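Dear colleague,

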Amino acid sequence: MKGLKTFAKGGVHPHDRKELASSEAIQSLRLPEKLIIPLQQHIGAPPTLKVEKEAEVAAGDILAEAGGFVSSPIHAPVGGTIGEMRSIYLPNGAKTQAVELLPAAPEGEEAALNPSSTDAKELIDRIAAMGIVGMGGATFPTHVKYSIPKGSKAEFFIANGVECEPYLTADHRLMLEKSSEIVKGIEIAAEILGPDHVYIAIENNKPDAIEAMSAAAAGASIPIEVVPLKLRYPQGDEKMVIQAITGREVPSGGLPIAVGTVVSNVGTLNAIYEAVELSKPLTHRVVTVSGNGIENPGNYLAPIGTPFSHLIEEAGGTSGNTVKIVAGGPMTGFTVFDPETTPVIKGTSGLLALTAKEIRETQTTSCIRCGRCIRVCPVGLSPTLLYKCVDHNDIDAALEEGLNDCRECGSCGFVCPAHIPLVQGMKLGKRLARRRKEAS
Amino acid sequence: MGTTVLYAFISVAALGGVLGLGLAIASRILAVKKDERVAEVEEALPGLNCGACGYAGCASYAEAIVKEDAPLDLCGPGGADALKTIADIMGKTVDTTSEKMVAQVHCRGNAATSAYAFDYEGIEDCNALHIFYEGNKVCKFGCLGLGSCMKVCPTDAIYYDDEGLVTVDRDLCISCRKCVDICPTGVMKMIPYSADYIVACNSTDKAAVTRKYCKVGCIGCKICEKKSPEGGFTVENNLARIDFSKTGSRKEAAEACPAKCIIPLVPVEEKAVVEAKS
């Protein structure tokens, strides 16, 4: 389609395979026997545990308090008894402490409407207390994002409903089923930030979501523009969606506020609405369970801490030819090796069971210097050069070439004809750079 | 004709004389005083430019010693000999009795003896693997075996032995510690050159946990402490360690160790004999 907005350079067009789950309404989940709730679910300081073994908790009780400003509390998704403390691995490969929660008999109570004031400071405090973090995957604490530094102004506020990762339909369903709630969340965010322009960004492969959100936005108290974007990966990345809508480029190492923009995922905005209007902490999220290995792909409202194995079971289990379980989307997600102990966290947007046909099992060969990775890199890096620098353990050269600007979107690895694991190379380089910094 | 050549010859000779005189005077006036000790110290250093001292290479370390009063004992490869020579040049006294330290891998867990949590496909590098769940071994302390240490070793002292285990040749090791710094699990540790035995395990998990995932992991049973009381064995945090300042026999402990993780290193003299034969 001509004339639609999109980001400036690079990008790829993976088969989106959203048809598997996009027409499945969000279903609530039968409670698992045991929730495994990790303490470190966000970027920032780990929270401090506030409950002891065998303590009884009610739904919404605080399990762990924020351990500083850039941190976020953890609440009990359901009432129950606290079990063992254990250390587990998160889907992103990091190790964290987790607390087990054995749910009591499910209770059917509805959260009462409990609107808070419209004072910006109080709204931010409420968002912080309810443990709201970015639900698009990066899990940055929202109250930190909304605390604009002095001297900056949020000219633009963007509700991010792009969802460019293949397979994932959680945000899509949320926009269809919770349109007015998301718009209310946007109104709250606008109350805090006071932006000049408010947008909802949606890729044009979701016409029904564009329609639903336009209808909901029409009834809002502030002018909200729904912007259909041209289909292109990785448009859902914060920096890419800013470029697509405002035409501004976030400087290297800078935050979106440097170009006067704040972006929040539509899932986060729904959570903000629930936190502010219903006093509901962030304890549940919509997870897309999909992939050709899943018997009944769908979208599930899962309590935080639900083991992946339980989610898969609820979706009818996996078929025999599944070779990989991936947390997140296929482009940026992580392969999970132990679904029994790996739980849903605040940033888990999807869980995929992929068959051999869907993944590319190939041999890595030598770089043929075709330059495709450079052509598709949305931030204008040279992935092949960066990879070589890291491979030769020359981290200084890699940093010089912009290693830390890599968004790890996976576009380079996706197009590489030599099947070089480029993104893993970037991750390795960043890890080595960080370790060296810590050592000195 | 003849005079033309003569004039040219004289004028060029005169010009050369004047310029030569100028240069001679300039070199006297503008002479840079060079500390000859820098060259001498550089000569005493091994010239490997390994960077273990923290400077860019031997030349810049030599300059730092003379001009910035840098510590004299930073050169691992040079060892006691270099240290003594440098100390003589600088007119300082140093303790040259400390022993050369070498790196060694403290793990014997391979596919046959240790349990793995998942298959790994990706960059052949321990740090690249370590990003994912701290490696594919169930044990999070052991050697991942992808050879990040081999890549950084300036003297190719690290190799896979017959059982596919990563091992350091102590005679090639120059104590630069690069492998120790790059290793993600910390299983590469420095030991004295003359060490006769090592505890080839790095796991501080409890015995019941270690036993589940590794046949050759230290279970902290303290039998070594009892069998070789003079051997300097201490069990801390479920892991035996050797205090190499104790020189008592360690053989009994190695033989009694139920996990067989106290392993003998080829004695220095014996190794020399083996090499002489071959």
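Helix α5 of chain A (residues 207-218) has 12 residues and reaches 16 Å from its first C-alpha to its last, close to the 16 Å expected, where the expected span is 1.5 Å times one less than the number of residues. This is a predicted model, in which local features need pLDDT of at least 70 and side-chain atom pairs count only at pLDDT 80 or more, while totals for chains, interfaces and linings use all residues. Residues are numbered from 1 along each chain as its sequence is written, chains are lettered from A in the order in which they are written, and side-chain values use heavy atoms, without hydrogens and water.

The buried residues of α5(A) (under 20% relative accessible area, with a 1.4 Å probe and protein chains only) are A209(A), I210(A), A212(A), M213(A), A216(A) and A217(A). Seen down the axis of α5(A), they fall within an arc of 170°, so they line one face of the helix. The face turned away carries P207(A), E211(A), A215(A) and A218(A), which are exposed (over 50%). Among the elements that cover the buried residues of α5(A) are α3 (170-177) and β10 (197-203) of chain A.

Helix α7 of chain A (residues 266-278) is mostly covered, with 12 of its 13 residues buried, and these buried residues pack against elements of chain A including α1 (120-129), β9 (156-160) and β12 (261-265).

In chain B, I29(B) lies in helix α1 (residues 2-29) and, at 65% relative accessibility, counts as exposed.

Kind regards

Notes: Helices (H or I, at least four residues) and strands (E, at least two) are DSSP runs, numbered from the N terminus. The arc is that of the directions from the helix axis to the C-beta atoms. Contact means heavy atoms within 4.5 Å.
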